[in-house]
Amino acid sequence: MIHRVDHDDVAQNPAAQLGRLRYTNPMMILEACKNSLNLGSSEMVEATLTEFLEEHPKHPKALMMLGTVYERKGDLARALPLLERALEINPSDISLHSALIFALDQAPETSLERAYQARRAYNEQVRIAHPKPNTNDRNPDRRLRVGYVSGDFRNHSAAYGWAPILLCHDKGEVEVFAYSCMPGGDDPTTEQIKPGVDQWRDARYWDDDRLEAQIRADQIDVLVDLSGHSSGNRLPVFARHPAPVQITMIGYITGTGLDAMDYLFADRDTVKPDEERWYAEEIVRLPRIMTFWATDPAQVGEPAPPPCLKNGFLTFGVWGRHGKIQPPCARAWAEILGRLPDARLVIKSPGLGDPFQVKSLNALLYAAGVDLSRTEFRGPTDKNEHMKQYGLVDVGLDTSPHGGGMSTMEAAWMGVPILTLPHHQIPSRIATSVNRELGLDYLVATDWADYVDRAVALNEQREELTKVRRLMRDVMRVSAFGNHGDFARAVEMQYRALWQRWCSGETRPRLEVVS
């Protein structure tokens, strides 16, 4: 029996309607699935999409959405084939390309070459053979007009890596334009960012033609992408090359694959010289890959003493999206707990407010041999409470190949050191960049066996952990992550050098990659 369902009813309570919608309208049911997934109802969404695809096996959006369900819980073995199948059916849909790119970045078996190929396939869909010429005044020394394009001018982890640059620019050198493409309305974080911006453009409802036209009308000299392939990106506009110098940095930084993206800002630890051929952009190195907009200590307090001093055992912690937890991570954690019989593991993730996600993660950990009686899951909290809960752990355990970015910075601000294992992709190397900046090189492992050995060795280094915890915030303040003025000057110096390069008529060589 088919039920007729009111559209407003679905929008108000999508999870409750999935079982009733059936196949009355494919677009309605996919919209309801999307809303339900965002509300944390993944079990119902998975069941509904699975049934939907039995009836519509070649529906690319449904394939992508089910792949996203699996990706969010870390089941890439099922996610990747679905995303690849969706692209085979509709290779012109750039949202399918970005979804695959995002999932590949989390897969342990993904090589830099495979990631590059996925980005270049996206480029083929958006590239413009003959973009309009840039007519900017070629004065190499004048005040630069710099435009930032992002879907995250809001309370989002990405913003905490780049907002200090906007707020600390030398306004004698740089006029700042913001093109805000975020969904929904402004929030308190937006209102904190706006004072650092000279010209604010609310572009959330603009199509590509209008955004390109505004960027050209504003005569932007340096256009900066802060979203990469994440939600809210405007990479098709960058493909039109509306500004003379185009850069991707921070945000979701793994490379865009675009012919039209001139540069990617990284650092010496996140992209090695012999890996540059796997990026469409020319690599430019900053002192560090990003900075850090720290939470006010008045709101989150000082770092708590390590809990091992009171309870007598080490507590390891994993903070961030639990979809990053892959079987190699879980097996390593199982071995750590096996060698330290008193140790505990706390995992905090926004997705763990969903009982189905909890069940899925329990299954993954159990299959890897983790003693579930020694684990604790914590779900979403507000920002300040999230920060305070770092006080529950002695040492953070980074995931790999998709490691922590902002969560690593937050942990350091709260005095918690992070053990990391860098992989091929940039997201696996941010914690390495943090550790080396803070003088914690001994927390950078070389392989999984070394990762386990270093974690176990920390059990005999509790006095050292206590000292590190006491000093980390002060070290953060004077580092590249905390010294926002110096970091902004380093960024401005690169903008100026790249602008002068364009003014001189020099163009960067296009590298042909041969596998």
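**Sheets, helices and cysteines**

Reader: How many bridges join strand 11 and strand 12?
Author: Strands are DSSP runs (E, at least two residues), as are helices (H or I, at least four), both numbered from the N terminus. Two strands pair if DSSP finds at least two bridges between them. Strand 11 (residues 395–397) pairs with strand 12 in the parallel sense, and the number of bridges is two.

Reader: What kind of model is this?
Author: Residues are numbered from 1 along each chain as its sequence is written, and side-chain values use heavy atoms, leaving out hydrogens and water. Local features need pLDDT of at least 70, side-chain atom pairs count only at pLDDT 80 or more, and totals for chains, interfaces and linings use all residues; the model is predicted.

Reader: Which are the edge strands of the five-strand sheet?
Author: The sheet is open, with parallel pairing and the order 10-9-8-11-12. An edge strand pairs on one side only; here these are strand 10 (375–378) and strand 12 (418–419).

Reader: What angle does helix 16 make with strand 10?
Author: Helix 16 (residues 355–367) packs on this sheet and touches strand 9 (344–348) and strand 10. Contact means heavy atoms within 4.5 Å. Angles run from 0 to 180 degrees between N-to-C directions, with axes fitted to C-alpha atoms, for helices over the stretch in contact. The angle with strand 10 is about 155°.

Reader: Which helix packs on the seven-strand sheet?
Author: This open sheet has the order 3-2-1-4-5-6-7 and parallel pairing. Its neighbouring strands are turned by 25° against each other on average, direction ignored. The packing element covers residues 484–503 and touches strands including strand 1 (144–150) and strand 6: helix 22.

Reader: How far apart are the axes of helix 4 and helix 5?
Author: Helix 4 (residues 42–55) and helix 5 (residues 60–72) pack at about 145°. Their contact includes Leu49 and Phe52 of helix 4 and Leu66 and Tyr70 of helix 5. The axes lie apart by 10 Å.

Reader: How many disulfides does the structure hold?
Author: A disulfide is a covalent bond between the sulfur atoms of two cysteines. The cut-off used is a pair of cysteine sulfur atoms within 2.5 Å. The number of disulfides in the structure is zero.

Reader: Is Cys503 buried or exposed?
Author: Buried means under 20% relative accessible area, exposed over 50%, and partly exposed in between (1.4 Å probe, protein chains only). Cys168, at 26%, is partly exposed. Cys503 has 15% relative accessibility, so Cys503 counts as buried.
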